[in-house]
Amino acid sequence: MFKEIRPSLKLKDDKINLFRTYEQDAGIYVCDYILFDNSIQWTMRRVVRVKIIAQNTLHSPNILSPSGMKTLEVEVGKPLKIECKVFFGFESDFLPMITWYRDNKESKSEPLLQNTTRIRVEELEGKSFVHVATLREVTERDLNSNFICFAQNSVGNSTGVLKLKRKERDHKEFDAFVSYAKQDSFERDSTFLNEEQFALEVLPEVLENKYGYKLCLLERDILPGGAYTDDIVTAIQQSRRAIIILSPGYVNGPSIFELQAAVNCALEDNMLKLILIKYKSFQEPASLPAIVKKALKILPVVTWKSSNSNSPNKQFWKYMRYHMPVKNIGGLEKNSLKFFFHRLFSMVINSRKATGRSQQTKK
């Protein structure tokens, strides 16, 4: 029956001749020899396992990606994994070699650390490998370097070049929209910062003045007169991040709408990320929308340690900068006009606080 399927198969004595071998010919072949001894039948069996291999390749490795020279857009300051995909033809006694090198004008080629290799596809004619190098964070030096994937077998070697390019900024107006619980003047405690003071004074002082981010503060940056819900959604859509300052007053008050709007916007725009700041401990009310409850469980949370100081610890601002968009070199573009408006805004806030204290004294 096997001979009918394979006309090229030839049987001669105790031999099977396959004049042309196919991958499907791999398997276990069994030869039975039956011997009769008086009335007893004996079966003698020989089993041979056949493995089909290809001829050794005549070609050097084929780098599938990056093929030739490719450019990859990246964010400075963020971690990065670069992959090199290589196909090696079959070789019976050779271990393929792949590595990533950095090459720039300042120094000779140097191998990158934290390299890992895994087999992606294995077939008769050879194997495809994926070789990964990890950069803990992209630096300006990386933008001025060529990353070379070098692959070698017994026939020769091949290279692919990857060049990193700074990712172009999007067309959004703000780096972050800030959402917080609004408070009456009479609710303020001068001993500790409340979340409104934190949002309107501390965050701009550090993130804008020190690190060059552009925040969207509703009272400062959105002109009055429009519909509240429309203004909120538009402001969030024009921002790269939404900073949510969580407190009992926030989750139990009308500001929770802003978190719900930010979650909905993030589901439609993968460029928008949410940053939750746990300003005060709180319990989730049962009335929270399901999508908000889920967001509170899975989104990154940065905890602010209550203090009468604007800088509770460096770790808080380190976490904040990690989750904020990466700023370009020279991102601290604080010209005199912007500084003037910031000071003007601070004067307005201070005036409001003074008025509130005055009214409280009168009562």
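Visitor: Which residues touch the most other members in the largest nonpolar core?

Guide: In soluble globular proteins, nonpolar side chains tend to be buried together. A nonpolar core here is a set of buried Ala, Val, Leu, Ile, Met, Phe, Trp, Tyr and Cys residues joined through side-chain atoms within 4.5 Å, where buried means under 20% relative accessible area, exposed over 50%, and partly exposed in between (1.4 Å probe, protein chains only). In this predicted model, local features need pLDDT of at least 70 and side-chain atom pairs count only at pLDDT 80 or more, while totals for chains, interfaces and linings use all residues. Residues are numbered from 1 along each chain as its sequence is written, and side-chain values use heavy atoms, with hydrogens and water left out. Of the 27 residues in the largest core, those touching the most other members are Ile236, Ile244, Leu246, Tyr250, Leu259, Leu274 and Leu296. Among the elements that give two or more residues to this core are strand 16 (239-246), helix 7 (256-268) and strand 17 (273-278), helices (H or I, at least four residues) and strands (E, at least two) being DSSP runs numbered from the N terminus. Helix 7 supplies the largest share, 6 residues.

Visitor: Which residues does leucine 246 touch?

Guide: Contact means heavy atoms within 4.5 Å. Leaving aside residues up to four places away in sequence, leucine 246 touches Val251, Leu276, Ile277, Lys278, Tyr279, Lys280, Phe282 and Leu296.

Visitor: What is the strand order in the open sheet of 5 strands?

Guide: Strands of a sheet pair through backbone hydrogen bonds, either parallel or antiparallel. Two strands count as paired if DSSP finds at least two bridges between them. Here the order is 15-14-16-17-18, with parallel pairing, and the edge strands, each pairing on one side only, are strand 15 (215-216) and strand 18 (301-303). Strand 17 and strand 18 pair over 3 bridges, and isoleucine 277 stands opposite valine 302 in strand 18.

Visitor: Which residues form the nonpolar patch on the surface?

Guide: Patches are made of residues with over 30% relative accessible area and no salt bridge, with like charges joined within 9 Å and nonpolar side chains (Val, Leu, Ile, Met, Phe, Trp, Tyr) within 5 Å; a salt bridge is a side-chain nitrogen of Lys or Arg within 4 Å of a carboxyl oxygen of Asp or Glu. The patch consists of Tyr33, Leu35, Ile40, Trp42 and Met44, with about 530 Å² of accessible area together, computed by the Shrake-Rupley method with a 1.4 Å probe, and for residues only the protein chains shown count as cover. Strand 4 gives the most, with 3 residues, whereas leucine 35 lies in strand 3 and is partly exposed, with a relative accessible area of 36%.
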